[in-house]
Amino acid sequence: MTAEFIDRELEPSPGPGSDGFILLTASFTAFLLDLSVLGTLAYIETDYFGGTGSQGAAVYSNGKPLMQSEGSELADPINKALELIGVRSEGSDRFDALGLGNFRSNDAIFEAIAQAKK
């Protein structure tokens, strides 16, 4: 998800998110709750610059929130959310097990997807 998607599809200029999140606004949360009737999903958000910052994660299933947590330790809320959606890992944290540590931005993920399709 990007800020542009949220602005375009859900809530133009939504303002600050909730509970320390940047993009997790009320309308975006409602969208994720609706989407979760199709299957359990996690929303993760990080904001780091120069080694400091914050992160948060939320998990939704069957139209209900299972978890919503904002924190500052890299392995805490995100790995808990990934655990709740069934990501297993041996020897590394769940974030790295998915290879998410290889991407510094959503744009980098979108570029990797585009390259994989070629």
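**Close-up views of a predicted model**

**View 1. Helix α3 and the residue that follows.** Within helix α3, which spans residues 77–84, the residues P77, I78, N79, A81 and L82 are buried. Buried denotes under 20% relative accessible area, exposed over 50%, and partly exposed the range in between (1.4 Å probe, protein chains only). Helices (H or I, at least four residues) and strands (E, at least two) are DSSP runs numbered from the N terminus. After α3 comes G86, with a positive phi near 100°. The model is predicted: local features need pLDDT of at least 70 and side-chain atom pairs count only at pLDDT 80 or more, whereas totals for chains, interfaces and linings use all residues. Residues are numbered from 1 along each chain as its sequence is written, and side-chain values use heavy atoms, with hydrogens and water left out.

**View 2. The largest pocket.** This pocket has a volume of about 1,200 Å³. Its lining comprises 31 residues, and T46, F103, R104, S105 and N106 lie nearest the centre. A pocket is an open set of points on a 1 Å grid over the protein atoms alone, where a 1.4 Å probe fits, with protein on both sides within 12 Å along at least five of seven lines; lining residues have an atom within 4 Å of a point. The volume is the space filled by probe spheres set on the points. At least two lining residues come from each of β1 (41–49), α4 (94–97) and α5 (106–117), and β1 gives the most, with eight. By class, the lining of the largest pocket holds 17 nonpolar, seven polar and seven charged residues.

View 3. F28 is a residue of helix α2. F28 counts as buried because its relative accessibility is 0%. E9 stands 19 residues from F28 along the chain, and their C-alpha atoms are separated by 9.5 Å.

**View 4. L38 in the loop between α2 and β1.** L38 is located in the loop that joins α2 (26–35) to β1. L38 counts as exposed because its relative accessibility is 74%.

**View 5. N62 in the loop between β2 and β3.** N62 occupies the loop between β2 (52–61) and β3 (64–71). Phi of N62 is positive, near 55°, in a residue other than glycine. With a relative accessible area of 56%, N62 is exposed.

Technical notes: Ala, Val, Leu, Ile, Met, Phe, Trp, Tyr, Cys and Pro count as nonpolar, Asp, Glu, Lys and Arg as charged, and the others, Gly among them, as polar.
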